[in-house]
Amino acid sequence: MPMDIVIATDKPEYRTTGLISVTSGAAYTTTEPIGSAPTTTGQNFLIPTNLGDKPSLLRLAPFCGAAVAPTAATFASGGLRVVGWSIYTQTGGTAFYVPTVLADLALGLTTGTVQTELVNGVAQYPFSTVTVGASVPTVNLYSPGTAAAANVEACAAVIDTIGMQFVQLQFKATASVSTPTMGAFYSFI
């Protein structure tokens with residue numbers, strides 16, 4: 001008698017980077033091989049896990065924050081770079097960390113009313129457009145594109161992190177709002 005095959009896909013909950021302060025107009029941090037493990041510093045967030053036992057697809061839903069609701073004009077040129085790190089053990093046994101840019105995403109807000117999400121009591125505003133930069137590996141984008149002015153849907157991206165021991169998120173934006181911040185919900189699927 002034939003049997004149905006059931007494939008169970010893990011559906012993990014999102015985690016969050018929280019809101020990370022960004023300096024308007026600042027570029028991404030230079031990513032080069034280093035002699036110490038990458039960290040959360042400045043406009044960078046290190047996802048707190050060693051990926052050896054995790055699935056390789058990283059799902060991201062980026063957002064921004066400000067003292068007042070941002071618009072496409074006041075929070076422009078948002079960017080999110082995903083950097084994977086692999087370890088090379090030198091002949092003397094010392095670790096050396098080698099980066100690979102896995103995705104370079106351009107983020108934006110549509111002209112409609114930007115949704116407000118209260119996360120842990122703090123207002124966050126989801127980006128609604130996402131495009132991928134040239135010369136990066138395949139990235140799956142989920143961008144609602146043109147949305148109703150009253151309900152601007154959030155965008156998302158899925159990036160393959162296969163073989164990386166660490167994953168770091170780098171943020172940047174040009175913003176005329178006071179105290180601009182950025183972050184992302186993330187989960188491995």
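## Strand 4, an enclosed strand

Strand 4 covers residues 57-65. Seven of its nine residues are buried, so the rest of the structure largely encloses this strand. This is a predicted model.

Eight bridges tie strand 4 to strand 13 (residues 181-188), and the two run antiparallel. Here glycine 65 stands opposite threonine 181. Strand 11 (residues 156-160) is joined to strand 4 by four bridges, again antiparallel. In that pairing, leucine 57 faces aspartate 160. Strand 8 is linked to strand 4 through two bridges, also antiparallel. Phenylalanine 63 has proline 126 of strand 8 as its bridge partner.

## The protein overall

What does the secondary structure consist of? The protein has zero helices and 13 strands. Read from the N terminus, each element in the run is a β element: β-β-β-β-β-β-β-β-β-β-β-β-β.

The protein has 189 residues, and 40% of them are buried. Consider the contacts with a sequence separation of 6 or more: residues 24 or more positions apart account for 74% of them.

Which strands form the open sheet, and in what order? Five strands build it in the order 3-12-5-6-9, with antiparallel pairing. Strand 3 (44-46) and strand 9 (129-132) are the edge strands, and each pairs on one side only. From one strand to the next, the twist averages 30°.

Phenylalanine 45 sits opposite leucine 169 of strand 12. Next, strand 12 meets strand 5 through nine bridges, also antiparallel. Strand 5 in turn pairs with strand 6 over 12 bridges, in the antiparallel sense.

Glycine 84 has bridge partners in two strands. In strand 12, the partner is valine 167. In strand 6, the partner is threonine 100.

Strand 5 and strand 6 also form a hairpin. How many residues lie between the strands of this hairpin? There are five, and glycine 93 takes a positive phi near 95° in this hairpin.

## Serine 86 and valine 98

Serine 86 belongs to strand 5 (residues 75-89). A polar atom of the serine 86 side chain lies 3.5 Å from the backbone oxygen of glycine 163. Setting aside neighbours within four places in sequence, serine 86 contacts Phe96, Tyr97, Val98, Gly163, Met164 and Gln165.

Valine 98 is in strand 6 (residues 95-108). Is valine 98 buried or partly exposed? It counts as partly exposed, because its relative accessibility is 31%, between the 20% and 50% cut-offs. Not counting residues up to four places away in sequence, valine 98 touches Gly84, Trp85, Ser86 and Tyr88. Valine 98 and glycine 84 are 14 residues apart in sequence, and their C-alpha atoms are 8.3 Å apart in space.

## Glutamine 124 in strand 8

Glutamine 124 lies in strand 8 (residues 122-126). Why does glutamine 124 count as buried? Its relative accessible area is 3%, and buried means under 20%.

Which residues are in contact with glutamine 124, beyond its neighbours within four places in sequence? They are Leu19, Phe63, Cys64, Gln115, Thr116, Glu117, Val119 and Phe185. Among them, Phe63 is the residue whose bridge partner in strand 8 is proline 126.

## Cysteines without a disulfide

A disulfide is a covalent bond between the sulfur atoms of two cysteines. How many disulfides does the structure hold? The number is zero.

Cysteine 64 is buried, with a relative accessible area of 0%. It is also one of the contacts of glutamine 124. Cysteine 155 is buried too, with a value of 1%.

Note on methods
Residues are numbered from 1 along each chain as its sequence is written. This is a predicted model: local features need pLDDT of at least 70, side-chain atom pairs count only at pLDDT 80 or more; totals for chains, interfaces and linings use all residues. Side-chain values use heavy atoms; hydrogens and water are left out. Buried means under 20% relative accessible area, exposed over 50%, partly exposed in between (1.4 Å probe, protein chains only). Contact means heavy atoms within 4.5 Å. A polar contact is a pair of N or O atoms within 3.5 Å; within protein, one must be able to donate a hydrogen and the other to accept it, and residues adjacent in sequence count only if both atoms are side-chain atoms. A disulfide is a pair of cysteine sulfur atoms within 2.5 Å. Two strands pair if DSSP finds at least two bridges between them. Axes are lines fitted to C-alpha atoms, for helices over the stretch in contact, and angles run from 0 to 180 degrees between N-to-C directions.
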